[in-house]
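Hello,

Here is the structure I promised to pass on. Please have it open while you read my notes.

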Amino acid sequence: MKTVQRTGPLSLLYAFMDAARGRASVEGEVPRRERPIGLYVLEAGGCEGCFMEIESLNGSAFALEQAGFVCVSDPADADWLLLTGAVTRVCAEMVDRVWRAMPPGRSLIAVGACAVDGGPFPAGYATLGGLEALTPVRRSIAGCPPSPDDILRALQELAQV
Ligand code: SF4
């Protein structure tokens, strides 16, 4: 596995990732069933294919809200962060900002090959190569891109845990 330097301009991201490790076991167990689960979708350096598949869930064909979820525009209203893209170095600070703005009980979900392990954009001078090498994620949804059906099914399974 490639070793990533943990100092310099990305130190903020690593602080966030380290904090996430400590929270994962506790916050992942917080039940949030009394209202729709708020999803904040963040594209962090992919081709936007996965982002568009998630967006299509908002269409009538997939009825995201009937399944118990709602897409929110403010991270402060979000329960789960759906991240797409390989996490480019220029996006790292944005990911950190969004994560910090979310309330306790938040979960991190990697959507698509890029977000899982970099996919076609492995770690290098421009990207961090996805989330799994950086931090525990609550759920990884494979595919390039995963279909809206795959994404919705994974979210529903996760909501039942
Ligand atoms: S996993 Fe594939 S479709 Fe999704 S952002 Fe990466 S390259 Fe695009």
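This is a predicted model: local features need pLDDT of at least 70, side-chain atom pairs count only at pLDDT 80 or more; totals for chains, interfaces and linings use all residues.

Residues are numbered from 1 along each chain as its sequence is written.

**The sheet and its helices**

Five strands form an open sheet in the order β2-β1-β3-β4-β5, with parallel pairing. At its edges are β2 (69-71) and β5 (139-141), each pairing on one side only. Helices (H or I, at least four residues) and strands (E, at least two) are DSSP runs, numbered from the N terminus, and two strands pair if DSSP finds at least two bridges between them. Strand β1 (residues 37-43) is joined to the parallel strand β3 (residues 80-84) by five bridges, and glutamate 43 stands opposite threonine 84 in β3.

Helix α2 (residues 49-56) packs on the sheet, where it touches β1, β3 and β4 (107-111), and its direction makes about 140 degrees with that of β3. Helix α5 (residues 148-160) also packs on the sheet, touching β1, β2, β4 and β5, at about 165 degrees to the direction of β5. For these angles, axes are lines fitted to C-alpha atoms, for helices over the stretch in contact, and angles run from 0 to 180 degrees between N-to-C directions. Two residues are in contact if their C-beta atoms, placed from the backbone, lie within 7 Å.

**Around the ligand**

The ligand has 13 residues around it, and Gly46, Gly49, Cys50, Cys114 and Cys144 come nearest; near means a C-beta atom, placed from the backbone, within 6 Å. Helices α2 and α4 (113-117) each supply at least two residues of this shell.

**Some backbone details**

Cysteine 144 and proline 145 are joined by a cis peptide bond, with omega about -5 degrees. Proline 145 sits in the loop between β5 and α5.

Glutamate 48 belongs to the loop between β1 and α2, while valine 87 lies in the loop between β3 and α3. Are they buried or exposed? Glutamate 48 is partly exposed because it has 13 other C-beta atoms within 10 Å, whereas valine 87 counts as buried, with 29 such neighbours. The cut-offs are 20 or more for buried, 12 or fewer for exposed and partly exposed in between, counting other C-beta atoms, placed from the backbone, within 10 Å.

Best wishes
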